[in-house]
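Biologist: Hi! I'm new to this one, so could you walk me through its pockets and cavities?

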Amino acid sequence: MKVEPKQILSVSRRTDIPAFYMAWFMDHVARGVIDVVNPFNQQVRQVTVTPERVHTMVFWSKNFGPYLAGRYGEQLQAMGYHLVFNFTINSRSPILEPGVPDLGQRLGQLHQLCCRFGSASVQWRFDPICHFTTQSGNIETNLDDFETIAAAAGECGISTCTTSFMDHYRKIERRTRDRIVFVEPSPTEQIKILLKMEQVLSPLGIGLALCCEKNLLGRLPAGSTIKAGACISGRRIMADHGGKVSQRQDTGQRKTSGCACTVSVDVGSYSLHPCHHNCLFCYANPACDRRRHQ
């Protein structure tokens, strides 16, 4: 008898559901369906989210504190879902990420996730790498705490760090024009940065993966272990949890830029779920932009 692959839910690339919208999410899981709005054509489709249809839920967040406090992961596991966690932990910067908790709290959350759900289910994202000028005129980066975060991740048994360089969208320029100016380092400088990160991570047993940086992968020197990343990997999910999920590449993501993610269904909404972290480099829909346009 042929076994049909189950779905992977992405929860969510479009906003931070674990930090702000878990009550909404759990309510819809209990109902068994979620109405998902297509962000491009606004069409609504109903997605079945029962354990019979969903193999794994991939949670994306910069603050898993509310998720851990509510013991939502344990509830979902008891229902029969497998879990994966994409935890973005960048250097402390009240300028770039004004709404995220203190770095020490986030590292504590990382430790809790690994202890409660296993290190194999937790993926660390240091994303994006940012360069910017402030009113002083000096070029600054958000790499200051990278070694500290890497050391903590290594102690937790994390095996991969996924990163990319910031993409410069026009909406970001409008958002930041009175505060900072983002600058883009040359490809040569970007390669130097990545090789230095690789040098920090290697002794800790952590590999470095690039998210949507196809052009940089081709510039890496021979011998580098840096590889293309897949923040949602069907192959890895099946290796860790068994069962069957689709192995198709997600054509809805930035495939031409090097995204290697497996197909998934994202259940977040830019319009219904604005993110209150209000990160200056965000490409999505932070709450600060919504307030500005009201």
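Modeller: Happy to! Let's begin with the second largest pocket, which holds about 270 Å³ of space. Bear in mind that this is a predicted model.

Biologist: Which elements give two or more residues to the lining of that second largest pocket?

Modeller: Those are α8 (187-201) and α9 (214-217). The largest share, 3 residues, comes from α9.

Biologist: And which residues lie nearest the centre of that pocket?

Modeller: The lining has 16 residues, and E184, Q190, E213, N215 and L216 are the ones nearest the centre. By class, the lining of this pocket divides into 6 nonpolar, 5 polar and 5 charged residues.

Biologist: Nice. Switching to cavities: how many of 30 Å³ or more does the structure hold?

Modeller: There are 2 of them.

Biologist: What lines the largest cavity?

Modeller: Its lining is made of V58, V84, A120, Q123, C231, I232, S233, R236, I237 and D240. Helix α10 (residues 234-241) provides the largest share of that lining, 3 residues.

Biologist: What's the split by class there?

Modeller: For the largest cavity, 6 lining residues are nonpolar, 2 are polar and 2 are charged.

Biologist: And which residues line the second largest cavity?

Modeller: Around that one you'll find I129, C130, H131, F165, M166, H168, V183, E184, P185 and Q190. The lining of the second largest cavity comprises 6 nonpolar, 3 polar and 1 charged.

Conventions. Residues numbered from 1 in each chain as written. Predicted model: local features only at pLDDT ≥ 70, side-chain atom pairs only at ≥ 80, totals over all residues. Heavy atoms only, no water. 1 Å grid on protein atoms, 1.4 Å probe; cavity = no way out; pocket = protein on both sides within 12 Å on 5 of 7 lines; lining within 4 Å. Points joined across faces, edges and corners; volume = space filled by probe spheres on them. Helix = DSSP H or I, 4+ residues; strand = E, 2+ residues; numbered from the N terminus. Nonpolar A, V, L, I, M, F, W, Y, C, P; charged D, E, K, R; others polar.
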